[in-house]
Amino acid sequence: MSATVIVTGAAGGMGRPVAARFAAQGRPLLLCDVNAERLETVAAELREGGSQVSTLAGDIAAPEFPQQLLDKLGDAALFALIHTAGLSPTMAEAPRILDVNYFATERLVAALLPRFEEGGCAVLISSLSAYLIPDPAMSAAVQDLVAGKGREGVERFATNPGMGYTLSKRGVIGLVGREAAAFGARGLRIVSIAPGFIDTEMSRAEAKASEQMVQMMGMTPLGRQGLGDEIASVAEFLCSPGASYVSGCDIKVDGGVLGRLGL
């Protein structure tokens, strides 16, 4: 298996198990993260197991990041992008969250599209929260954003980090639907995963800051939080031949929360 897998957020609670799963397949890896030290720790562990790993540390929202990633990829064929990098509400203000979670994702997908080998797949990370938009006008603003009609509407509603996060992740779902045709024309697929409450460092920080989140966690039908590897296993499946007719959609991996809410 010679084609490369790119994993963003590779030092995080979901990216790390994703990297481990594709390393176990024997795939060359290009791992990205904003934290250079933690990224190199992950890369070193995988190299010790015999994996071919290169790294790129940096801010995915930086305008130059997509080109830096392409330069790092070089002439290698690209099998998959698993894009787990992102910001949660406690990590930044709403404009920064929108930039990282939506606009940087949009630029990354556009830059990498021509580099995939046929049969390749892009897996993005949305969120359970993307389904919790309370106002139809907000949904319409996200649709306008995805359609290229400007960010003003979304910015008007992104009055706090939590809403910025929700709108950004709804945008990711829209982006996947929008790009499905362009990917399909090249024999490629694009899909997103909506994690529920996953036991990661980021999720634990959010739970400490949000009583509402804690209450919703208690509504999970499976009665527990998910594990990062339970997201990684779905990402691995989505990039496999078993998911060859899955594209342009969002896959809920939330322990049943949204189903319980009728969403």
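Which residues have the most contacts inside the largest nonpolar core? In this predicted model, local features need pLDDT of at least 70 and side-chain atom pairs count only at pLDDT 80 or more, whereas totals for chains, interfaces and linings use all residues. Residues are numbered from 1 along each chain as its sequence is written, and side-chain values use heavy atoms, with hydrogens and water left out.

The largest nonpolar core comprises 50 residues, and those with the most contacts inside it are Leu69, Leu112 and Leu167. A nonpolar core is here a set of buried Ala, Val, Leu, Ile, Met, Phe, Trp, Tyr and Cys residues joined through side-chain atoms within 4.5 Å; buried means under 20% relative accessible area, exposed over 50%, and partly exposed in between, with a 1.4 Å probe and protein chains only. At least two residues of this core are supplied by each of strand 2 (29-33), helix 3 (65-73), strand 4 (78-83), helix 4 (94-112), strand 5 (116-125), helix 5 (136-146), helix 6 (152-157) and helix 7 (161-185). These elements are DSSP runs numbered from the N terminus, helices being H or I of at least four residues and strands being E of at least two. Helix 4 gives the largest share of the core, 11 residues. When residues up to four places away in sequence are not counted, Leu69 touches Ile6, Leu30, Cys32, Leu56, Leu108 and Leu112, contact meaning heavy atoms within 4.5 Å. Apart from this core lies another, of 34 residues, among them Phe22, Ile125, Val234 and Ala235. In soluble globular proteins, nonpolar side chains tend to be buried together.

Strands 4, 5, 6 and 7 are linked by parallel pairing, two strands being taken to pair if DSSP finds at least two bridges between them. Five bridges join strand 4 to strand 5, with Ala80 standing opposite Cys121 of strand 5. Strand 5 in turn pairs with strand 6 over five bridges, and the bridge partner of Leu124 in strand 6 is Ser192. Between strand 6 and strand 7 there are four bridges, and Pro195 has Val253 of strand 7 as its bridge partner. Because seven of its 10 residues are buried, strand 5 is largely enclosed by the rest of the structure. Strand 6 is mostly covered, with seven of its seven residues buried; Arg189, Val191, Ile193 and Pro195 point one way, and Ile190, Ser192 and Ala194 the other way. In a regular strand the side chains alternate between the two faces of the sheet.

In helix 10 (residues 228-238), the buried residues are Gly228, Ile231, Ala232, Val234, Ala235, Glu236 and Leu238. Their cover includes helix 1 (15-24), strand 4, strand 5, strand 6 (189-195) and strand 7 (250-253).

Glu179, which lies in helix 7, is buried, with a relative accessible area of 14%, and touches Val109 and Ile190, not counting residues up to four places away in sequence. Asp99, in helix 4, is partly exposed at a relative accessible area of 27%; with the same exclusion of residues up to four places away in sequence, Asp99 touches Ala61, Ala104 and Arg151. Arg204, in helix 8 (residues 201-209), counts as partly exposed at 42% relative accessibility.

Grid points are joined across faces, edges and corners, and a volume is the space filled by probe spheres set on the points. The structure holds one cavity of 30 Å³ or more, and the largest cavity contains about 40 Å³ of space. Its lining consists of His83, Ala85, Asn101, Thr105, Leu124, Ile125, Lys169 and Val172, with helix 4, strand 5 and helix 7 each supplying at least two residues. The second largest pocket holds about 160 Å³ and is lined by 14 residues, of which Gly226, Glu230, Val253, Asp254 and Gly255 lie nearest its centre.

Terms used: 1 Å grid on protein atoms, 1.4 Å probe; cavity = no way out; pocket = protein on both sides within 12 Å on 5 of 7 lines; lining within 4 Å.
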